Amino acid sequence: LLFLFCIPFSGFTQNNYTITTSGLSFTPDTINCYVGDSITFILGASHNAVEVNQFFFTTGGTTSNGGFNIGFGQTQTIVISNAQSYYYVCPPHVSSGMKGVIIANTPPQLNTYVPDDNFEQALIALGYDNILDDSVLTSNINSLSALDVSNVNITDLTGIQDFISIQILWCYNNNLSVLDLSYNT
């Protein structure tokens, strides 16, 4: 088996993978990815790819489980929608071992560093965090378009860079000496 692993180093980004056919095998025949990633199948003229359940995958069966079914010689992209294993076979060549699996995992939960306790406490009060621990889940803040953290004695807005959708920021009557919005478009 040939394995392809994707582990992001900083920040979660969606990835694109390609599966081709080579002889009587899928290349690669195993992909480890995340929900939201896309997989493009580029199949040779004498090959198709039918999604099957684990039992048929293990026993060499070819009965579709109702998932993806990519025709002979076709190129098609699927987007991974659930954290699960997607088993697939080439029905005419499964007896020769032509099968593969896509192992889809839940994307990692990324945290944003928020060192100022007053800033984090304001985020807790607004319902975007639940524990004072110098971090907040990035997914809780990266789609906010407006934020009001006025009058709460903040001295450092480190973490504001991950509010990537913010359009309006109210932060008056705090103790800020620096406000770096260079990462906020």
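Contact here means heavy atoms within 4.5 Å. This is a predicted model: local features need pLDDT of at least 70, side-chain atom pairs count only at pLDDT 80 or more, and totals for chains, interfaces and linings use all residues. Residues are numbered from 1 along each chain as its sequence is written, and side-chain values use heavy atoms, with hydrogens and water left out.

Start with I102. Leaving aside neighbours within four places in sequence, I102 is in contact with I19, I31, C33, I39, F41, I78, I80, Q84, S85, Y86 and Y88. I102 also matters to the count in the largest nonpolar core, which has 19 residues: I39, F41 and I102 touch the most other members. Such a core is a set of buried Ala, Val, Leu, Ile, Met, Phe, Trp, Tyr and Cys residues joined through side-chain atoms within 4.5 Å. Buried means under 20% relative accessible area, exposed over 50%, and partly exposed in between (1.4 Å probe, protein chains only). At least two residues of this core come from each of β2 (16-22), β4, β5 (38-42), β9 (85-89) and β10 (99-105). Strands (E, at least two residues) and helices (H or I, at least four) are DSSP runs, numbered from the N terminus. A second, separate core of 15 residues includes A122, L123, I160 and F163.

Now the aromatic rings. The structure holds seven aromatic pairs. Rings of Phe, Tyr and Trp (its six-membered ring) pair if their centres lie within 6.5 Å; planes under 30 degrees apart count as stacked, over 60 as edge-to-face and the rest as tilted. F26 and Y88 are edge-to-face, because their ring centres are 4.9 Å apart and their planes stand at 75 degrees. F26 sits in strand β3 and Y88 in strand β9, so this pair ties together parts 62 residues apart in sequence. F26 is buried at 3% relative accessibility, and Y88 is buried at 0%. F68 and Y88 make a tilted pair, with centres 6.0 Å apart and planes at 55 degrees. F68 lies in the loop between α1 (54-59) and β7 (69-70), 20 residues from Y88. Both F68 and Y88 are buried. F26, F41, F68 and Y88 form one aromatic cluster.

Next, the backbone. A cis peptide bond joins T27 and P28, with omega about -10 degrees. P28 lies in the loop between β3 (25-27) and β4 (30-34). D134 is not a glycine, yet its phi is positive, near 70 degrees. D134 lies in the loop between α2 (117-125) and β12 (135-137). D134 counts as partly exposed, at 30% relative accessibility.
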